[in-house]
Amino acid sequence: MYKLFPITVDTVKQVENNLFTINTNDLNTPKIIITVLQDGEPVTLAEGVIPRLTIKKPVGSIVFLDCEITDALAGQCEVVLSTQAYAIEGKHTAELMVYFASDVVSVTGLFTYSTTKGLLDNTAVESANEFQSINTLIHEASVNVEKAQSFVDQAELIDFVALQNADAKVDSVQAQIDQLVIEGDSSVEAAQMRVDASGNTHITAKARVDNDFNTLTAQVAEKASQDFLDKKTQGTVNVKEFGAVGNGIDDDTMAFQGALNLAKLSNLYNAIEIEVPAGNYRITSKLYIYRNTKLKLHPKARIIRGGYVTLLVNGEETVDPLLDQNDIYSGHGNIVIEGGIWDGNIANQPYANTGYNLFGFARGRNIVIRDAEFRDVVSCHAMDLNAMDNMLIDNCRFLGYKDGTVQGDVWYPRDYAEAIQISNITPAGFTGIGKFDGSPCKNITVRNCYFGASGTPGTQPWTVGVGNHGAVHDQYVNNIRVVGCTFDGMTNAGVRSFKFKDFYVLDNKFKDCSRSISCSNPDGKGTSSERYDVATNTFIQTGLPQSSKNIIIRGNIFEDSKISDIYIKGWVKDSTLAKVEGILIEGNLSKRTIAGYTTNGNIDLYLCDGVTIRGFSCNNVRRAVYAERIANLEIDGLRAENAQLEGIYIIDSEDTFKGQGHSAKINIRNSFIKNSPYNGISITNTDVFSFTNNRLENVGTLEDNMRQGFYIGTGAKNGELDRNVVKTAIGNQVKYGAFIHAGAENVRVGTNDFEGKTLAVGISGATNWIGHYTFSPDGKRYKVTVSNTGVPTYTVG
């Protein structure tokens, strides 16, 4: 028969509930029936959702219990309280945490209940048989100590819990002894009481019990001493010693956690190494790894998801991980994880639509993950990194992703999830560890990794290999390096930065990706434009866009990108322009082995300032470079063949900022463009440009005598073309080698080798001219032009 206590909680506001009281002697009878609301409406507790009741005891310690969903649509669940939830007399405070996914949690308001101490407790002795009761208690205490001894000596499952239980039993025995006077009793029981387990007879029964008590207390003290733990928590241990089976059927969670707890129990600076031999280890709940741990897995050690939540996190959600409150990265770090296969096991283990992470790390420093494989993740990430510093992910494989969301889900469609998410820590992003103050990740390197498909039915390659899709205003994820990796078939982007600063993409291979590299930024409209306010500990909407800084893309190979090789975009909102600043694209090679073209510019740039493209080679693209509203752009050594439209296309955006100098200072030199059916190079609405020493062959061939080699359009001003070459085709030919529109201003066509079916140069507009400058010995500058009859004219100016 249950004692029923109905409670209503709400995720957005506090609900008043009647205070109820539980007796400490209740056993498996207190049941709390919980109705979960969101702003007064029932929360749907769909399949995969985990309601977890977290309870703070009067002494400050925390326990949690998972609830059973009884009516999903009505938002109802229930839980029978364990004795840990009411064993201590006093006021208890509780809240419900509703886990919708590994990185989506909604926490309700608080409610309270009290406990009152029952009359019967462990110090009570049955009046008719005192000696037998005491002997029984001593035996139970001895068993607990022997169990603790076994756990420690055999390393089956080291945990202070067993030691604490033994200690509690001994205290209970001593309490009874203090209340009893047995000396001088001549009964049979009294005589038996004087003989201990070793056969030694003591003068009195009390003397025997005192001796046993002292012996047991010494044992517990020795087992629980820090020196003893230090001996056991140095060097290498094996999860098999802790009871791990590795057959893929038995639950190995407790064995793994027992081994991982060594680091938690050891001296703060002792290093723990845990070995995992080959086998299939089924893990049914979240594992916690602590600072100063090395987890070394055999290459054929497979960790199999057997539950709904993240497999491994660095530290417990309910415990502040920071060693130094002034150091936001001083949580659980100095961790190395080597080898093994971390398997989402989607063929055999159900999952929520919102999915799960394999790893979730936050607020740590100095972490290395190498030589591991991560397989088959639903809707989330193989690694979710939040506010991490100095982390290396090396020689790992990330295989298989599935979007588990369906139409109607908040996340639907989840076609942007990253295998490795590198993020700020926010309430929307990561559950649990530390303060959600928007702290960014920094100094993260992903090196020599492979991202692709697993081949598991129902999965696909990852949507994004490395990156992020959220940000915090004025806080930049920074110094991120992606080096020597292979991205195979990413359906959104191989690498996607979202407002990164100091971002390096070096010597990677991108094959058959939608976009190979995407650098996008907050548009000023969503949560990514919120800033963290220290005074109120909340996030406040700025309404402002903000963009990346300092991007280096060097030495990469792009093969068969679908949309573009490189996409970089800043944002405009109202009166604010957020430009991406400082971009170097150098020494990259793009090749296409299949029919067709990229659907956008191969290098696709919007609202950037300070861009250098050097030594880029590409073929079969829509355009080699598309540059919209770009300032301080230098293109040097570009080689582009077989474009679908223009080779290079430069324009200003069509909005209120047009013509205000945001498209300016363009320098294109030493470049080669061949076989583009539209204009070879086209520029409009741009102030200050120079095209020097470029060669265009077989361009403008879509129609005969219609297109241009260089097209200088309306709004282009203060520019020059010098030492360029345009060679026509055998079939359709350009009308002009260079055409200067009447709407252009102050454009000079210098010494060039141009061919055109109509004319080498077509020029109009009062301020545009053909010629060059020279200087007299006295330093005067002269404009030199030539008439149609070949007569030069020298004009001072």
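Predicted model: local features only at pLDDT ≥ 70, side-chain atom pairs only at ≥ 80, totals over all residues.
Which residues form a nonpolar patch on the surface?

## A surface patch

Tyr-2, Leu-4 and Val-80 do. Val-80 belongs to strand β8, residues 76–80. Its relative accessibility is 31%, so Val-80 counts as partly exposed.

Strands of a sheet pair through backbone hydrogen bonds, either parallel or antiparallel. Here, 3 strands make an open sheet in the order β64-β65-β66, with antiparallel pairing. β64 (772–775) and β66 (792–796) stand at the edges. Each has a single partner strand, so one side of each lacks a neighbour in the sheet. From one strand to the next, the twist averages 35°.

Look at β65, residues 781–786: 5 bridges join this strand to β66. Val-784 stands opposite Tyr-794 in β66.

## Salt bridges

Side chains of opposite charge can pair when their charged atoms come close. The structure holds 36 salt bridges. One of them links Glu-373 and Arg-375, with the closest N and O atoms 3.0 Å apart. Both Glu-373 and Arg-375 are buried.

Asp-394 pairs with Arg-447 in a salt bridge, at 3.2 Å between the closest N and O atoms. Asp-394 lies in strand β26 and Arg-447 in strand β29, so the pair ties together parts 53 residues apart in sequence. Asp-394 is buried, at 12% relative accessible area. Arg-447 is partly exposed, at 32%.

Lys-658 and Glu-654 also meet in a salt bridge, 3.0 Å from N to O. Lys-658 is partly exposed at 32%, while Glu-654 is exposed at 64%. Elsewhere, salt bridges with shared partners join Lys-294, Glu-338 and Arg-370 into one network.

Definitions and conventions:
Residues numbered from 1 in each chain as written. Heavy atoms only, no water. Pairing = 2+ DSSP bridges. Helix = DSSP H or I, 4+ residues; strand = E, 2+ residues; numbered from the N terminus. Axes fitted to C-alpha atoms, helices over the stretch in contact; angles between N-to-C directions. Patch = residues over 30% accessible without salt bridge, like charges linked within 9 Å, V, L, I, M, F, W, Y side chains within 5 Å. Areas by Shrake-Rupley, 256 points an atom, 1.4 Å probe, with all protein chains shown as cover. Salt bridge = Lys/Arg side-chain N within 4 Å of Asp/Glu carboxyl O. Buried < 20%, exposed > 50% of the residue type's maximum accessible area, 1.4 Å probe, protein only.
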